[in-house]
Amino acid sequence: MLAIKLTQKHPLEVTDMFLNFLECLNKVLELPYKSNSQQDPQHEKQVEDLLIEYNINYVAQPNGSQSFPDFHLVDYNLDLECKSSKGTKPMWNRGVPKPGALYIFSSKRLSRTTFFWGHDVCPPKTYKRLIEQDNFIREKMNQYNDENDGDGWINYPRLA
């Protein structure tokens, strides 16, 4: 059975609805590896099928298909993000794990699906520092690009 650590950030009342949610999460852990490419997000589709099967109230891609999160669970005010990799760790592209979000990671090499909280891999203090630094660098880069855009080339900072 899945062990969920309840925190003050996510005070989840133990109800039949919550037990149903835990059962759904246990089924997610049984999912085989699937790719989660932008063109064909199979891993997300597997997770969404289980959310539907277990009647979990959610909004898919609330901020667009390329933005966090993949799912917002309305009844729990909880964001889910699906990650997959042929290796052993997720790729973050442009961004870092969000504190308070639940990540579902499918690894081909490990042949398993796992969960982790964003704040467990990127503590809030580190997250805040990285975001502040990224905003500062982006502001400077945008200013530089605005001053030097005559040739069509720009610098693009990337937090990863």
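The exercises below, with worked solutions, concern a predicted model of one protein chain.

**Exercise 1. Overall layout**

Task: State which elements the protein chain has and in what order they run.

Solution. 
- Step 1. The chain has four helices and five strands.
- Step 2. Read from the N terminus, the order of the elements is α-α-β-β-β-β-β-α-α.
- Step 3. The C-alpha trace spans about 60 × 35 × 25 Å along its principal axes.
- Step 4. The chain has 160 residues, of which 38% count as buried.
- Step 5. Among contacts with a separation of 6 or more, 42% are between residues 24 or more positions apart.

**Exercise 2. Helix H2**

Solution. 
- Step 1. The expected span uses 1.5 Å times one less than the number of residues.
- Step 2. After H2 comes Asn55, with a positive phi near 55°.

**Exercise 3. Helix H1**

Task: Carry out the span check for H1 and state what its buried residues pack against.

Solution. 
- Step 1. H1 has 14 residues, and 20 Å is expected at 1.5 Å a residue.
- Step 2. From first to last C-alpha, H1 reaches 20 Å, close to the expected value.
- Step 3. Buried in H1 are Phe18, Phe21, Leu22, Cys24, Leu25, Asn26 and Val28.
- Step 4. These buried residues pack against H2, S2, S3, S4 and strand S5 (112-117).

**Exercise 4. Strand S3 and its partners**

Task: Determine in which sense S3 pairs with S2 and with S4, and why S3 is described as largely enclosed.

Solution. 
- Step 1. S2 and S3 pair in the antiparallel sense, over three bridges.
- Step 2. S2 and S3 form a hairpin with four residues between them. In the turn, Asn77 has a positive phi of about 45°.
- Step 3. S3 and S4 pair in the parallel sense, over six bridges. Here Cys82 stands opposite Ile104 in S4.
- Step 4. Seven of the eight residues of S3 are buried, so S3 is largely enclosed by the rest of the structure.

**Exercise 5. An aromatic cluster**

Task: Classify the ring pairs Phe18 with Phe21 and Phe21 with Tyr76.

Solution. 
- Step 1. Two quantities are needed, because a pair of aromatic rings is described by the distance of the centres and the angle of the planes. Planes under 30 degrees apart count as stacked, over 60 as edge-to-face and the rest as tilted.
- Step 2. The structure holds six aromatic pairs. In one of them, Phe18 and Phe21, the ring centres are 6.3 Å apart and the planes stand at 45°, so this pair is tilted.
- Step 3. Both residues lie in H1, three residues apart, which is about one turn of the helix.
- Step 4. The relative accessible area of Phe18 is 3% and the residue is buried; Phe21, at 2%, also counts as buried.
- Step 5. For Phe21 and Tyr76 the ring centres are 4.6 Å apart and the planes at 25°, so the pair is stacked.
- Step 6. Phe21 belongs to H1 and Tyr76 to the loop between S2 and S3, so the pair ties together parts 55 residues apart in sequence. Tyr76 is buried, as is Phe21.
- Step 7. Phe18, Phe21 and Tyr76 form one aromatic cluster.

**Exercise 6. Two further positions**

Task: Locate Lys98 relative to the ring of Phe68, and decide whether Asp120 is buried or exposed.

Solution. 
- Step 1. Lys98 lies over the face of Phe68, at 5.1 Å from the ring centre.
- Step 2. Asp120 is in helix H3 (residues 118-121).
- Step 3. Exposed means over 50% relative accessible area. Asp120 has 54%, so Asp120 is exposed.
- Step 4. Asp120 and Val28 are 92 residues apart along the chain, and their C-alpha atoms are separated by 20 Å.

How values were computed. Residues numbered from 1 in each chain as written. Predicted model: local features only at pLDDT ≥ 70, side-chain atom pairs only at ≥ 80, totals over all residues. Heavy atoms only, no water. Helix = DSSP H or I, 4+ residues; strand = E, 2+ residues; numbered from the N terminus. Buried < 20%, exposed > 50% of the residue type's maximum accessible area, 1.4 Å probe, protein only. Pairing = 2+ DSSP bridges. Phe/Tyr/Trp six-rings, centres within 6.5 Å; stacked < 30°, edge-to-face > 60°. Lys NZ or Arg CZ within 6 Å of the ring centre and 35° of its normal. Contact = heavy atoms within 4.5 Å.
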